[in-house]
Amino acid sequence: MESSVPDFILFLGRFHPLVVHLPIGFLIFAFILELYGRWKRDSGTSLAIEFALLGGAFSAAVACVLGYMLSLSGDYDEGMLDTHFWFGIATTLVVFFAWSIRSGKLNITKLKGLKPNMASLTLVVVLVGITGHYGGNLTRGSDYLVKYAPFGRKEKVVLPPIDKLEDAAVYDYLVNPILDAKCASCHNSNKKKGGLSFQDSIDIKKGGKNGEAFIAGNVAKSEMIRRTMLDPHHEDYMPPEGKTPLTDEEKSILTFWIEKANADFRVKMGELETPEEITSIASNMLGLEDVTGKSGIPLPKAVQVNEEILKDVVGAGFKVRELIFESGLYEVVLPPHFISSKNSEELDGKLEMLLPMKDNIIWLSLKDNDVRDRHLKTIGQFVNLQKVELEKNPITDVGIAEITGIQSITGLNLYQTKITASSFENFIKMKGLKRVYAWGTAITEAEVTSFAEKENRPAIIMGM
């Protein structure tokens with residue numbers, strides 16, 4: 001549908017998430033004022049309530065129009081979209097009705113003595129909650145609100161544990177966890193960006209508006225891989241800005257599944273001829289012994305992190321994901337732009353909050369969060385880190401020296417930082433380091449070529 005809708009309409013529609021919060025604020029404010037006025041028997045709030053209702057009514061109407069424009073993209077489940085849309089319309093009409101009663105524009109004799117102001121405002125708040133719930137379902141999934149509720153939730157499907165890599169179904173144990181973590185938030189049964197859903201194998205096979213998501217045996221023509229390989233600034237790059245990009249290891253697994261496993265949803269590792277690199281990556285993902293010795297860094301044994309600590313870390317803005325079920329090993333991501341030069345001092349406290357679980361963090365991403373050299377001194381205490389993403393931060397060679405004691409780091413992303421070739425010696429000190437992404441820095445190709453002649457050094461990658 002999107003191709004037949006003018007771009008300007010879709011452009012306006014994308015303001016819906018911004019505008020939709022205005023009526024919510026107006027209407028909750030009106031409800032609170034009504035309660036306050038009745039409690040204190042203060043009639044002075046009447047004019048303010050009338051104004052809040054009018055503001056809520058008009059902004060709700062605008063939100064409905066923009067929401068309709070956004071719906072024309074065709075990226076959402078039609079049934080749930082219709083429910084959200086009509087509840088939005090109903091909310092807007094009731095708000096206009098509530099304003100008409102409050103302002104005296106509408107006088108209904110039969111309602112006298114029934115406290116219509118309070119009744120209509122209560123109905124408005126209920127409708128706002130229901131409409132917002134369905135809106136959240138559209139963008140976050142139908143289980144978003146109750147996912148972590150202590151009651152009435154579905155048990156998480158847990159794959160049976162395996163002792164040998166050969167017994168692992170490639171899709172179930174390796175591919176699906178990647179898609180679920182990095183793709184499903186925008187491509188699910190309720191929100192189908194580009195008409196594509198990664199909800200299950202049936203949806204994946206259907207593809208999206210741009211055709212098939214993958215071509216079995218042909219990585220070059222498989223959109224789900226091609227878009228992850230683009231320059232991060234390309235408009236088609238996936239995942240989009242603000243989402244956590246796929247790691248090189250995750251891309252390798254998806255590539256292996258499409259190319260070597262012919263995108264088979266049932267095939268097991270033992271049925272395929274598997275390169276050592278994939279065996280190593282898959283073993284680490286599943287917490288199994290890496291018999292190839294390729295990774296060189298075994299997964300650490302860690303005690304489980306206290307739930308209160310995890311709750312505080314998530315509350316501070318971090319995204320936390322357990323990499324292997326019940327392993328106690330985590331990927332921790334601070335979304336880009338969460339910290340800027342204006343609130344840089346807040347990052348010190350946030351990193352301090354991670355110290356109680358420092359031995360449990362093996363992947364850390366602080367991309368584009370004004371990370372400074374002093375912050376790397378704290379990160380230097382995270383002794384089990386294996387992958388660190390520090391791109392687009394003003395760190396220098398001085399900061400890199402603070403993390404040379406972490407011998408488990410295998411991958412280090414320093415894209416668009418202020419490091420120079422002086423950091424090469426620090427890289428050599430990090431015995432486990434295999435790759436450093438350094439394009440967009442002061443390091444030159446000539447310096448990389450010269451460094452490549454040294455023994456026991458990591459690869460310096462200067463471009464996509």
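Me: The charged end of which residue sits over the ring of W363?
Reply: This is a predicted model. In it, a charged end lies over the W363 ring, 3.3 Å from the ring centre. A charge counts as sitting over a ring if NZ of Lys or CZ of Arg is within 6 Å of the centre and within 35 degrees of the ring normal. The residue whose charged end sits there is K387.

Me: How many aromatic pairs does a search of the whole structure find, and which residues form one cluster with Y171?
Reply: Rings pair if their centres lie within 6.5 Å. Searching the whole structure on that basis gives 16 aromatic pairs. One aromatic cluster contains Y171 together with F214, W257 and F265.

Me: Are α3 and α4 roughly parallel or roughly antiparallel to each other?
Reply: Helix α3 covers residues 21–40 and helix α4 covers residues 46–71; their axes come within 8 Å and cross at roughly 155°. Angles over 145 degrees count as roughly antiparallel. The pair is therefore roughly antiparallel.

Me: Is the crossing of α3 past α4 left-handed or right-handed, and how many residues of their contact are charged?
Reply: α3 passes α4 in a left-handed crossing. On the α3 side the contact includes L22, F26, L33 and E34, and on the α4 side it includes I49, F51, G55 and S59. By class, the contact of α3 with α4 has 13 nonpolar and three polar residues, and the number of charged residues is one.

Me: Is α7 oblique or roughly perpendicular to α10?
Reply: Helix α7 (residues 170–182) packs with helix α10 (residues 248–259) at an angle of about 130°, and their axes are 10 Å apart. Angles of 65 to 115 degrees would count as roughly perpendicular, and those over 145 as roughly antiparallel. That angle makes α7 oblique to α10.

Me: Which residues of α10 meet α7, and how many residues of this contact are polar?
Reply: From α7, the residues in contact are V170, Y171, L174, V175, I178, L179 and K182. They meet E250, I253, L254, F256 and W257 in α10.

Me: Which residues of α11 meet α10?
Reply: The axes of α10 and helix α11 (residues 276–286) come within 10 Å and cross at roughly 115°, and the crossing is left-handed. From α10, the contact uses E249, S252, I253 and F256. Their partners in α11 are E277, I278, I281, A282 and M285.

Me: Where is H337, which has a positive phi although it is not a glycine?
Reply: The phi of H337 is about 70°. The residue lies between a strand, β2 (330–333), and a helix, α13 (345–354). Its place is the loop between β2 and α13.

Me: What is the phi of Q416?
Reply: Q416 is in the loop between β5 (411–413) and α16 (424–429). Its phi is positive in a residue other than glycine. The value is near 55°.

Notes
Residues are numbered from 1 along each chain as its sequence is written. This is a predicted model: local features need pLDDT of at least 70, side-chain atom pairs count only at pLDDT 80 or more; totals for chains, interfaces and linings use all residues. Side-chain values use heavy atoms; hydrogens and water are left out. Rings of Phe, Tyr and Trp (its six-membered ring) pair if their centres lie within 6.5 Å; planes under 30 degrees apart count as stacked, over 60 as edge-to-face and the rest as tilted. Axes are lines fitted to C-alpha atoms, for helices over the stretch in contact, and angles run from 0 to 180 degrees between N-to-C directions. Helices (H or I, at least four residues) and strands (E, at least two) are DSSP runs, numbered from the N terminus. Angles under 35 degrees count as roughly parallel, over 145 as roughly antiparallel, 65 to 115 as roughly perpendicular and the rest as oblique. Contact means heavy atoms within 4.5 Å. A crossing is left-handed if the near helix is turned anticlockwise from the far one by less than a right angle, and right-handed if clockwise. Ala, Val, Leu, Ile, Met, Phe, Trp, Tyr, Cys and Pro count as nonpolar, Asp, Glu, Lys and Arg as charged, and the others, Gly among them, as polar.
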